[in-house]
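Okay, thanks for making time, everyone. I'd like to walk you through one model and how its inside is put together. Let me put it up.

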Amino acid sequence: MTVSTKLLPLLLICAACGAPSDRYPVAPPEVTETIRIGFRSVEVREVSLPTYAASDEIAQQTAGGIVKNDSNALWADAPERAVALELTRNLVKLTGAKVASDPWPFETYADARLEVRFESLIAEADGVLRSTGQYFVASETGRERAKLFELSVPYALDGGPSAIAQARGQIILDLSRLIAREGLR
């Protein structure tokens with residue numbers, strides 16, 4: 001075996017080790033209002049994101065409509081877990097109710113269960129983060145709801161992934177308000 005063939009595995013390993021990717025947390029926006037709801041407790045059961053939005057890589061749509069994930073810009077937490085926790089935090093602050101994400105950590109069952117299914121959650125080339133989908137509220141009392149949502153939040157195009165993360169925090173707060181007002185009343 002020559003020296004060059006002995007070094008080949010080491011060179012391949014080193015080539016795979018690029019610069020570490022940056023991770024971007026979503027800072028929770030300030031909640032300044034209170035919304036009364038018709039439930040004492042709510043379980044955030046499931047949050048479903050499109051494949052590109054569930055990826056650790058932050059996605060952005062080009063002017064041509066192509067969705068590109070940036071392998072150098074990663075979310076600080078798994079997106080589906082993070083969005084579920086953001087919804088939970090926002091609903092607690094907005095409503096004062098006992099809200100927790102799945103698995104439900106309390107002995108008695110929640111009065112209502114919430115599921116959110118995103119059809120889209122994408123930073124578009126025009127500087128707007130858009131979100132569409134449907135949420136479902138189920139309860140033993142029969143007060144069940146299924147509603148569509150369509151929300152948008154502007155972000156600074158020159159702000160990069162940090163601006164997208166800030167916009168995601170705002171859009172999840174806006175969705176939380178919508179769910180509290182229309183789905184949990």
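This is a predicted model: local features need pLDDT of at least 70, side-chain atom pairs count only at pLDDT 80 or more; totals for chains, interfaces and linings use all residues.

So, Phe118 and Phe149: both of these are buried, where buried means under 20% relative accessible area, exposed over 50% and partly exposed in between, with a 1.4 Å probe and protein chains only. Residues are numbered from 1 along each chain as its sequence is written, and side-chain values use heavy atoms, with hydrogens and water left out.

How many aromatic pairs do we get? Two, if you count rings of Phe, Tyr and Trp (its six-membered ring) with centres within 6.5 Å, calling planes under 30 degrees apart stacked, over 60 edge-to-face and the rest tilted. Trp104 and Phe106 make an edge-to-face pair, 5.0 Å centre to centre with 65° between the planes. Trp104 is buried at 14% relative accessibility, whereas Phe106 is partly exposed at 37%. Phe118 and Phe149 are also edge-to-face, at 5.4 Å and 80°. Phe118 sits in strand β6 (residues 112-123) and Phe149 in strand β8 (residues 145-154), so this pair ties together parts that are 31 residues apart in sequence. Helices (H or I, at least four residues) and strands (E, at least two) are DSSP runs here, numbered from the N terminus.

Now the core. A nonpolar core is a set of buried Ala, Val, Leu, Ile, Met, Phe, Trp, Tyr and Cys residues joined through side-chain atoms within 4.5 Å. The largest one has 45 residues, and Leu114, Val116, Phe118 and Leu175 have the most contacts inside it. Among the elements giving two or more residues are β2 (41-48), α3 (79-95) and α4 (160-183). Which element gives the largest share? That's α4, with eleven residues. Take Leu175: beyond its neighbours within four places in sequence, Leu175 touches Leu87, Val116, Phe118, Phe149 and Leu151, a contact being heavy atoms within 4.5 Å.

Two arginines to finish. The charged end of Arg143 sits over the ring of Phe39, 4.2 Å from its centre, and that of Arg168 over the ring of Trp75, at 4.3 Å. The rule there is CZ of Arg, or NZ of Lys, within 6 Å of the ring centre and within 35 degrees of the ring normal.
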